[in-house]
Amino acid sequence: MKSLRYWLAVVLMSLSTLGFAQSDVEKSEVQKVSVAAVPSEAQKSFATMKSLAGEWEGPVTVADAPEMSGSKMHASLRVTSRGNALVHEFQEAGTPLDATKYDHPVTMLYVDGDQLTLVHYCDAGNRPRMTGKMSSDGKSVEFEFKDISGNTDYHMHHSVFTIIDANHHTEDWTFMMKDKPIHAHFDLHRTN
């Protein structure tokens, strides 16, 4: 009888120890999930950029080159790669998708580690890379030049996306022509 009570006590203590250990493991897993659920600044900025997915049109203003001002531009932003990338395509509104005759730059945005990264596949034949940060008010994301592959004389150097509301945003792009910056302002309204 004593041995039965002894083994029963050992089994009960083992089960209670296992229960406490399992409870600690479960708590640890819950803590890991809650820590992982807090988005980084880059992820918050990317979520803001992804909210622009859709079709947009509006005029461009180029103060340094008035002859380029007034054209109506079309921007298409599309979330792809299971939500891990945003494709941004620009072209003059009403022109066919013919990259041999018309400008049609493509920009890819994605989170790379702790950075929101933009790679602009430019009609100038190069690929500037920029890193972005959201403003403190959460209404704009500004991209600063990081590096470039290809020709460095003519390249996109800076951009700012500002959200006015769900159906209106602006894009400001700075293009470097040798050492001279050319600034273009796009006032875009959602078309779909």
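User: What covers the buried residues of α2?

Analyst: In this predicted model, the cover includes a run of strands: β3 (85-92), β4 (106-112), β5 (115-121), β6 (127-134), β7 (140-149) and β8 (154-165).

User: And which residues of α2 are the buried ones?

Analyst: Helix α2 takes in residues 41-50, and its buried residues are Ala-42, Ser-45, Phe-46, Thr-48 and Met-49.

User: What makes you say they line one face of the helix?

Analyst: Look down the axis of α2: the buried residues fall within an arc of 155°, so they line one face.

User: Why is His-168 called buried?

Analyst: The cut-off for buried is under 20% relative accessible area. His-168 comes in at 17%, so it counts as buried. You'll find His-168 in strand β9 (residues 168-177).

User: What is His-168 in contact with, leaving aside its neighbours within four places in sequence?

Analyst: Trp-56, Ile-163, Asp-187, Leu-188 and His-189.

User: How do you know that the side chains of His-168 and Asp-187 make a polar contact?

Analyst: The pair sits at 2.5 Å, and the limit for a polar contact is within 3.5 Å. So that distance passes, and the two side chains are joined by a polar contact.

User: How far is Ala-99 from Asp-123, in sequence and in space?

Analyst: They are 24 residues apart in sequence and 8.7 Å apart in space, going C-alpha to C-alpha. On contacts across the whole protein, take those between residues at least 6 apart in sequence: 35% of them join residues at least 24 apart.

User: What makes the phi of Arg-82 worth a remark?

Analyst: Most residues other than glycine have a negative phi. Arg-82 is not a glycine, yet its phi is positive, about 55°. Arg-82 lies in the loop between β2 (72-80) and β3. At 87% relative accessibility, against a cut-off of over 50%, Arg-82 counts as exposed.

User: What about the phi of Lys-178?

Analyst: Lys-178 also has a positive phi, near 60°, in a residue other than glycine. Its place is in the loop between β9 and β10.

User: Why is Lys-178 called partly exposed?

Analyst: Buried is under 20% and exposed is over 50%, with partly exposed in between. Lys-178 has 48% relative accessibility, so it counts as partly exposed.

User: Which residues lie nearest the centre of the largest pocket?

Analyst: Met-68, Met-73, Asp-103, Met-156 and Phe-186, out of 26 lining residues. The elements giving two or more residues to that lining are β3, β9 and β10 (180-190). The volume of the largest pocket is about 740 Å³.

User: How do the lining residues of the largest pocket divide by type?

Analyst: There are 17 nonpolar, four polar and five charged residues in the lining. Met and Phe count as nonpolar and Asp as charged, so of the central residues, Met-68 and Phe-186 are among the nonpolar ones and Asp-103 is charged.

Notes:
Residues numbered from 1 in each chain as written. Predicted model: local features only at pLDDT ≥ 70, side-chain atom pairs only at ≥ 80, totals over all residues. Heavy atoms only, no water. Buried < 20%, exposed > 50% of the residue type's maximum accessible area, 1.4 Å probe, protein only. Helix = DSSP H or I, 4+ residues; strand = E, 2+ residues; numbered from the N terminus. Arc of directions from axis to C-beta. Contact = heavy atoms within 4.5 Å. Polar contact = N/O pair within 3.5 Å; in protein donor to acceptor, adjacent residues only side chain to side chain. 1 Å grid on protein atoms, 1.4 Å probe; cavity = no way out; pocket = protein on both sides within 12 Å on 5 of 7 lines; lining within 4 Å. Points joined across faces, edges and corners; volume = space filled by probe spheres on them.
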